[in-house]
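User: I have a protein model open and want to learn how to read it. Where do we start?

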Amino acid sequence: MNSLNILLIEDDMIEVMKLNRAKSSLQLNHTITEANNGEEALKRLEQKDKLPDIILLDLNMPKINGIEFLKILKADDRLKYIPTIILTTSNNQRDLLECYKVGVAGYVLKPLKYEDYVSKIEKLLAYWSINELITV
């Protein structure tokens with residue numbers, strides 16, 4: 001399996017810690033870079049030589065929400081190819097529809113139980129680490 005460079009866009013520090021903890025307990029060697037909001041993420045994505053393999057994106061964030069961030073990302077000729085997976089607590093059908101319309105690679109609901117969360121993260125990262133990813 002390939003080691004992934006993951007950009008996690010999440011404003012809740014507990015969620016950031018949870019993902020890092022899951023990665024450690026699963027003994028995965030992926031690299032996780034964190035951005036606390038969409039603006040910070042866009043600044044990180046300006047470094048075109050250090051683009052992530054995949055982006056994990058929370059929907060409910062201050063400044064630029066997840067859907068607004070997605071629209072900016074998909075309008076960029078280089079960034080639009082980065083698979084972006086929504087990782088959220090929102091099972092709002094409108095959000096789901098809007099995200100797929102804009103072009104997400106996946107929409108994953110965060111389960112409440114930590115064990116279920118770890119299981120979902122394991123499957124999600126295993127899936128993306130066997131994919132052929134575009135480097136632009």
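Analyst: Start with contacts. A contact means heavy atoms within 4.5 Å. This is a predicted model. In the protein, 69% of the contacts with a separation of 6 or more join residues 24 or more positions apart.

User: How many helices and strands does the protein have?

Analyst: There are 5 helices and 5 strands. From the N terminus on, they run β-α-β-α-β-α-β-α-β-α.

User: How do I judge the overall size?

Analyst: Compare the radius of gyration with the value for a compact globule. For 136 residues that value is near 14 Å, and the protein has 14 Å, so the two agree.

User: What should I look for inside?

Analyst: In soluble globular proteins, nonpolar side chains tend to be buried together. Here, buried residues make up 46% of the 136 residues. The largest nonpolar core has 22 residues. Ile9, Leu45, Ile55, Leu57, Phe69, Ile86 and Cys99 touch the most other members.

User: Which element gives the most to this core?

Analyst: That is α3, with 4 residues. Apart from this core lies another, of 19 residues, including Val16 and Trp128.

User: Is valine 136 buried, partly exposed or exposed?

Analyst: Buried means under 20% relative accessible area, and exposed means over 50%. Valine 136 has 41% relative accessibility, so it counts as partly exposed. It is found in the segment after α5. With Tyr81 and Ile134, Val136 forms a nonpolar surface patch of about 290 Å² accessible area together.

Methods:
Residues numbered from 1 in each chain as written. Predicted model: local features only at pLDDT ≥ 70, side-chain atom pairs only at ≥ 80, totals over all residues. Heavy atoms only, no water. Core = buried A, V, L, I, M, F, W, Y, C linked by side-chain atoms within 4.5 Å. Buried < 20%, exposed > 50% of the residue type's maximum accessible area, 1.4 Å probe, protein only. Helix = DSSP H or I, 4+ residues; strand = E, 2+ residues; numbered from the N terminus. Patch = residues over 30% accessible without salt bridge, like charges linked within 9 Å, V, L, I, M, F, W, Y side chains within 5 Å. Areas by Shrake-Rupley, 256 points an atom, 1.4 Å probe, with all protein chains shown as cover. Salt bridge = Lys/Arg side-chain N within 4 Å of Asp/Glu carboxyl O. Rg over C-alpha atoms; globule rule 2.2 N^0.38 Å.
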